[in-house]
Amino acid sequence: MSPTRKLPVAILGATGAVGQRFVQLLADHPWFEIAVLTGSDRSIGKPYGEVARWILNDPIPDAIAEMVVQPTDEVADVPIAFSALPTENAQESEPQWAAGGVVVCSNASSFRMDPLVPLLIPEVNPEHIALIEHQQRQRNWRGAIVTNPNCATITLVMALKPLHDAYGVRHFFTTTLQAISGAGYPGVASLDILDNIVPNIGNGGEEAKIETEPLKLLGTFADGAIQPAEIGISAQVTRVPVIDGHTATVAVELAAKASPGEAIATLSEFRAPPVVRGLPSAPARPIVVRAEADRPQPRRDRDLYGGMGTTVGRVRPCNLLDLRFVVLSHNTIRGAAGGAVLNAELLVAEGVVG
Ligand SMILES: NC(=O)c1ccc[n+]([C@@H]2O[C@H](COP(=O)([O-])OP(=O)(O)OC[C@H]3O[C@@H](n4cnc5c(N)ncnc54)[C@H](OP(=O)(O)O)[C@@H]3O)[C@@H](O)[C@H]2O)c1
């Protein structure tokens, strides 16, 4: 179901790295129209074009540049807000917006593991939106909070979902190679990242997210709650001198054995549920498997399907577990703003908001 008129939306934290992606993806969106942009005290009351430290290649759309940045603590009369707020601000502001009747599609980590909040990837667990009615009832909110996963988690889970459905994932080891833009703007100091690799992100916090969020995403919804998947995960994260595009190497143990050829077929044939396929931001195919020995690569593969695609390569036997492979997706599009926009489209299509 597509809306009969464009829905006005707010972007919370619109001036930052993810906020700018929201502006870019929503400026010409067929279902949504940017009505409100918010920021911190630094920006409130000033034109967006003056205060946004714009880091994207396309210029700021003229009409958006002229919009005056609004306070984040004043709930606007819009059905949907996209949140690109820092964690601590999201913790405070997102419930205010939800209580005020707005459905908040958030990038922040604050509520991802809240048992009443869907952690959503439309191709993976669309049925988890059934949590929303429990959330609204128990929190007494007219609106709701829906989150998208950490930007490295989504890269991994897109590839793990079809393998888990077909063969059962028991354990996996992963090392991530994460782009600088994942740290926001100005992000990592050039003296730390140029000619270098940093083997830590968020003092272990990033690894904790990657080791817990997949269990909720791949869990099952029953009786108003998510039963987490039983998968053992060991993650090591690194920050690498790449601007956009998170890569992860994965070694996986499966309950039912699969050859590399069978796994490639399973990954390539994976399709989103029918309700997701027609959404404006849905990639034509969720996963593309590359046969070349040197793919995926961030610069060559991150823009697949407008940055919403996931590329898998090097699917081969593992000497210790069953299979290993490399997976990549765009961290500020698929892993952040684009993921949240796709979530909002699913909520509209399913009649949750609109
Ligand atoms: N970058 C990624 O790839 C990525 C991926 C997934 C999730 N995330 C998450 O998305 C969120 C945003 O990340 P980012 O990389 O875009 O950060 P960022 O570049 O640092 O931007 C932060 C934004 O929040 C606003 N802000 C800061 N303090 C505020 C306050 N007290 N009240 C209201 N607004 C405030 C800033 O507004 P002013 O400019 O006006 O100060 C700015 O718009 C974070 O929670 C992050 O963990 C990021």
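Residue numbers start from 1 along each chain as its sequence is written. Because the model is predicted, local features need pLDDT of at least 70 and side-chain atom pairs count only at pLDDT 80 or more, while totals for chains, interfaces and linings use all residues.

Let's begin with the overall layout. The protein chain is divided into domain 1 (7–150 + 337–349) and domain 2 (151–330), with bounds that come from an automatic or database domain assignment. Taken over C-alpha atoms, the centres of domain 1 and domain 2 are 24 Å apart.

Now look at where the domains meet. Here, 33 residues of domain 1 are in contact with 30 residues of domain 2, contact being C-beta atoms, placed from the backbone, within 7 Å. On the side of domain 1 that touches domain 2, α5 (131–139) and α12 (333–349) are the elements giving two or more residues, and α12 gives the most, with 7 residues. Helices are DSSP runs (H or I, at least four residues), numbered from the N terminus.

Next comes the ligand. Of the 30 residues around the ligand, G13, G16, G39, S43 and G184 come nearest; a residue is near if its C-beta atom, placed from the backbone, lies within 6 Å. The elements giving two or more residues to this shell are α1 (17–26), α4 (87–99) and α12.

Definitions and conventions. Two residues are in contact if their C-beta atoms, placed from the backbone, lie within 7 Å.
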